[in-house]
Amino acid sequence: MATAVSPSQVQEVLFKELEPMVNDTSAISREATFEDLDVDSLDLVELSQVIEDEFGILLEGEDVKDLKTVGEAIDLVVARAS
Amino acid sequence: MPEGCALVTGAARGIGAASARALAADGWPVAVNYREDAAGAKAVVAQIESEGGSAIEIQADVSDAAETEAMFAELSERFGPVLVLVNNAGVRADALAPQLSDEEWSRVISTNLSAAFRTTRRALGPMLRARFGRIVNVASVVGPRAHAGQANYAASKAGLIGFTKTVAVEVARRGITVNAVAPGFIETKLTEGVDGWQDAVPARRAGTPDEVAACVRFLASPEAAYVTGATLTVDGGLSA
């Protein structure tokens, strides 16, 4: 079941999960693109699972495939939770 | 052993039941899935528990998306994520191709192939997070090798092998292996009434469910961590 979440909560979770996935953790930001971070489609599947586990929000393939930046992912999760 | 469980579909009898027992012997809590044979599933659970293992029977028609999702949700609550998935549920509906009905075609594809896709899709997310997973798809020598009257069954099993290889390469770098076993003629209800195989099998006998389960057990084990995208044929030399 989805719970209301704040952008900062989602950001904290996503940033933490991205750290082991990227070469340069200092590059992680809302504006960073997944492409620049070298985060690929399998990584996005894993991030979707994290979102489901942490916030109860199911993100399917269609939801994720057009996400370009970390900020878009954060905003999507917040929108789904509200 | 990571925290989670093993799910064997179609585990009330035959290869599924034997696989459930084998995985339980290795310490996995096992979900014994069945569609209709509740008594069979309960007997498998009872045997596992009598041997010191942990198991539950869980009803779901894996050709039904909603029932499959409900099954995974229940298992997640009880045991944690499914980290070993054995897609064993399978049916036959034999007829020569010109006489196969749409229903016979769809039913076999739905249970034997589409269900495996659905359970795999559902299981992979938690496996990715756990950095561990074992998926074993029970295919068949009928797939790569023709057997008249089983075009639908062959298509489903050949498709399952292709699916196995593709998913294997998608997830290999996350510690998840995806393999298939391809049984030949095994003494189960599914092969009752199938004739004309005896002279073709070099071993001159049918295999047993336990012999297939031993292969499933190996593929699910830590020792098989570098085996992925493979099909292990268990057929007494039929395909050689």
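This is a predicted model: local features need pLDDT of at least 70, side-chain atom pairs count only at pLDDT 80 or more; totals for chains, interfaces and linings use all residues.

Modeller: Let's start in chain A, where helix H1 (residues 7–18) packs against helix H4 (residues 70–81) at an angle of about 130°, the two axes being 9 Å apart. Angles over 145 degrees would count as roughly antiparallel and those from 65 to 115 as roughly perpendicular, so at about 130° H1(A) and H4(A) are oblique to each other. As for handedness, the crossing of H1(A) past H4(A) is right-handed. On the H1(A) side, the residues making the contact are A:Pro7, A:Val10, A:Gln11 and A:Leu14. H4(A) answers with A:Val70, A:Ala73, A:Ile74, A:Val77 and A:Val78.

Now to where the chains touch. Chain A puts 7 residues into that contact and chain B puts in 6. On the chain B side, the elements giving two or more residues are helix H4 (102–130) and helix H5 (151–171). H4(B) gives the most, with 4 residues. By class, this side of chain B has 3 nonpolar, 1 polar and 2 charged residues.

Stepping back to chain B as a whole, its secondary structure comes to 6 helices and 7 strands. Read from the N terminus, the elements go β-α-β-α-β-α-β-α-β-α-β-α-β. The C-alpha trace spans about 45 × 35 × 35 Å along its principal axes. A compact globule of 240 residues would have a radius of gyration near 18 Å, and the 17 Å of chain B agrees with that. Of those 240 residues, 49% are buried. Look at the contacts in chain B between residues at least 6 apart in sequence, and 70% of them join residues at least 24 apart.

For one residue inside that chain, take B:Leu83, which sits in strand E4 (residues 82–87). The cut-off for buried is 20 or more other C-beta atoms within 10 Å, and B:Leu83 has 24, so B:Leu83 is buried. Setting aside neighbours within four places in sequence, its contacts include B:Pro2, B:Gly4 and B:Cys5, and also B:Met127, B:Ala130, B:Phe132, B:Gly133 and B:Arg134. If you want a distance to check on screen, B:Leu83 and B:Thr231 are 20 Å apart, C-alpha to C-alpha, and 148 residues apart in sequence.

Two arginines in chain B are worth a look for their backbone. Most residues other than glycine have a negative phi. B:Arg131, though, has a phi near 55°, a positive value in a residue that isn't glycine. You'll find B:Arg131 in the loop between H4 and strand E5 (133–138) of chain B. B:Arg131 has 12 C-beta neighbours inside 10 Å, and so counts as exposed.

The other one is B:Arg204, whose phi is also positive, near 55°. This arginine lies in the loop between strand E6 (176–183) and helix H6 (209–220) of chain B. With 10 other C-beta atoms within 10 Å, B:Arg204 is exposed.

Terms used:
Residues are numbered from 1 along each chain as its sequence is written. Chains are lettered from A and ligands numbered from 1 in the order in which they are written. Axes are lines fitted to C-alpha atoms, for helices over the stretch in contact, and angles run from 0 to 180 degrees between N-to-C directions. Angles under 35 degrees count as roughly parallel, over 145 as roughly antiparallel, 65 to 115 as roughly perpendicular and the rest as oblique. A crossing is left-handed if the near helix is turned anticlockwise from the far one by less than a right angle, and right-handed if clockwise. Two residues are in contact if their C-beta atoms, placed from the backbone, lie within 7 Å. Ala, Val, Leu, Ile, Met, Phe, Trp, Tyr, Cys and Pro count as nonpolar, Asp, Glu, Lys and Arg as charged, and the others, Gly among them, as polar. The radius of gyration is taken over C-alpha atoms; the globule rule is 2.2 Å times the number of residues to the power 0.38.
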